[in-house]
Amino acid sequence: MNRPFMDIALEEAKSAGARGEVPVGAVLVRNGEILARCGNQTRASFDVTAHAEILAIRSAAAALKSERLPECDLYVTLEPCAMCAAAISFARIRRLYFGAEDIKGGAVINGPRFFDQATCHHAPEVYSGIAESEASDILVKFFQQKRL
C-alpha cells in the first residue's frame, strides 16, 4: 500500500465535494505510475454511472487501450458500491484499497459482498480502512453542509 496514492484520492474527493458532487475520489495506479485520478462527476455529467471508480477505470483502460487492467491497483476513498465492484471485477483490477466503509451502499465488505459471490469471476485483493478517518470526515462534513 502506498499512502501517497490515497492522499491523492482524498484530494480528488475534496475537489468533487467543492463542485457539489458526493466527495469520493479514486486513483488508478500501475507500477507506481498514476494512470487516472478522478472524483465523482454524476451531477456535472448527468450520469449516474460517473462514480470516481468508473471514471478512473475508463480513463486508464483508454490510456492502455485495454479493457482489462490486471496489473493495476485502485485507491478509493469510499467502499465501492455494487456497480463499481462489478466494474473492478470485470476490469480485473489486482488490488483495491479503500478508506471509509459504506454501510448503506457498500458492496465489498458490506451489503452484497460482491467479491465473495460464486458468480464473481475475479476478486481483487482488498485492503480497507486506509485513511479511513480522513475519508469519513470529508463525507460527514459534506453532508452536514447540505443539511444547513
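**View 1. Cys120 and Cys84, two cysteines without a disulfide partner.** Cys120 has a relative accessibility of 15%, so this residue counts as buried. As this is a predicted model, please read the values here as computed ones. How many disulfides does the structure hold? The count is zero. Cys120 is in no disulfide, and its nearest cysteine sulfur belongs to Cys84, 14 Å away. Cys84 is in no disulfide either, though the sulfur of Cys81 lies 3.7 Å from its own; a disulfide would need the two sulfur atoms within 2.5 Å. With a relative accessible area of 0%, Cys84 is buried.

**View 2. Helix α3 against helix α4, where Cys84 turns up again.** Here α3 (residues 52–64) packs on α4 (residues 82–90) at about 25°, and their axes are 9 Å apart. The two helices are therefore roughly parallel, and their crossing is left-handed. On the α3 side, the contact is made by Glu53, Ile54 and Ile57, while α4 brings Met83, Cys84, Ala87 and Ile88. Sorted by class, that gives six nonpolar residues, one charged and no polar.

**View 3. Helix α1 beside helix α5.** In this view, α1 (residues 3–18) and α5 (residues 132–147) have axes that come within 10 Å and cross at roughly 5°, so α1 and α5 are roughly parallel to each other. Look for Arg3, Leu10, Ala13, Lys14 and Gly17 on α1, which meet Glu134, Ala135, Ile138 and Phe142 on α5. This contact has five nonpolar, three charged and one polar residues.

Methods: Residues numbered from 1 in each chain as written. Predicted model: local features only at pLDDT ≥ 70, side-chain atom pairs only at ≥ 80, totals over all residues. Heavy atoms only, no water. Axes fitted to C-alpha atoms, helices over the stretch in contact; angles between N-to-C directions. Helix = DSSP H or I, 4+ residues; strand = E, 2+ residues; numbered from the N terminus. Parallel < 35°, antiparallel > 145°, perpendicular 65-115°, else oblique. Contact = heavy atoms within 4.5 Å. Nonpolar A, V, L, I, M, F, W, Y, C, P; charged D, E, K, R; others polar. Left-handed = near helix turned anticlockwise from the far one by under 90°. Buried < 20%, exposed > 50% of the residue type's maximum accessible area, 1.4 Å probe, protein only.
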